[in-house]
Amino acid sequence: MKNQKSVSVLIGTILLVVICVGIFLFHNRYNSDPISKTAFHLNTVITITIYDSQNTALLDECMAMIQEYEQQLSRTIETSEISQFNQGLLADKQGISRFSTSTSQLLEKGLYYASLSAGAFDPTIGSVSSIWDFTSENPTVPEDALIQNGLKTVGYENLSLHNQEIVCAIEGIQLDLGAIAKGYIADCLKEYLISEGVTSATINLGGNVLCIGSKPDGSPFIIGIQKPFSEL
């Protein structure tokens, strides 16, 4: 009986220690100040905030991922895959261009949504979007003749993608994936953070906001959307 009592006391002590350690770790994880990092990428200010981890290496990796995707998907960075394609530098002698896996995945999504929307969204809009200087201090609407000329090479149906190889039915097609690139990148960042055990975080890519889980107290994240043209 004495041995059984001693064993019971030992088991009880072990369980108590385990519970206390669990409570401590849970309290420490969810009551520490969140970690956050802000930088200028994708032509905007971006912020990644993690609430349930103090591992700043996760933030560094997120920023590195963003830079890598930007170097692939940007229309304005001359060395990016999209820019190289638009300059005709990716096509081989048969006129076939080859993209990386991530760029191909995004273009595939772009073509899907173009078909789904009957061209309301079109990833081949680059020949038109490029004639607007949105970063200018005094932006102006291009002349109609320039717009009409640019429209001649707009048409997702003139682009085919198979096994990361792109073939154009007409010359001069210009890609612009900016309308969906940030959303795609945010999804990739979320997937990465979740794979690293993060369950509470926000990803803000200049207004493209994606949340992981909920706030540390279990309440949902609240995202504000500004009313267009509001004076408030």
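Student: What is the volume of the largest pocket, and what makes it a pocket?
Tutor: The volume of the largest pocket is about 700 Å³. On a 1 Å grid over the protein atoms alone, a pocket is an open set of points with protein on both sides within 12 Å along at least five of seven lines, whereas in a cavity a 1.4 Å probe fits but cannot get out. The volume is the space filled by probe spheres set on the points, which are joined across faces, edges and corners. This is a predicted model, in which local features need pLDDT of at least 70 and side-chain atom pairs count only at pLDDT 80 or more, while totals for chains, interfaces and linings use all residues. Residues are numbered from 1 along each chain as its sequence is written, and side-chain values use heavy atoms, with hydrogens and water left out.

Student: Which residues of the lining lie nearest the centre of the largest pocket?
Tutor: They are Asn 43, Arg 75, Thr 76, Asp 176 and Gly 178, out of 20 lining residues; a lining residue has an atom within 4 Å of a point. H7 supplies the largest share of this lining, 5 residues.

Student: Why is Thr 153 called buried?
Tutor: Buried means under 20% relative accessible area, exposed over 50%, and partly exposed in between (1.4 Å probe, protein chains only). Thr 153 has 14% relative accessibility, so it counts as buried.

Student: What does Thr 153 contact beyond its neighbours within four places in sequence?
Tutor: Its contacts (heavy atoms within 4.5 Å) are Thr 124, Ser 127, Ile 170, Glu 171, Gly 172 and Ile 173. A polar atom of the Thr 153 side chain lies 3.5 Å from the backbone oxygen of Gly 172.

Student: How many aromatic pairs are found in the whole structure?
Tutor: The search finds 4. One of them, Tyr 112 with Tyr 113, is edge-to-face.

Student: What makes the pair of Tyr 112 and Tyr 113 edge-to-face?
Tutor: Rings of Phe, Tyr and Trp (its six-membered ring) pair if their centres lie within 6.5 Å; planes under 30 degrees apart count as stacked, over 60 as edge-to-face and the rest as tilted.

Methods: A polar contact is a pair of N or O atoms within 3.5 Å; within protein, one must be able to donate a hydrogen and the other to accept it, and residues adjacent in sequence count only if both atoms are side-chain atoms. Helices (H or I, at least four residues) and strands (E, at least two) are DSSP runs, numbered from the N terminus.
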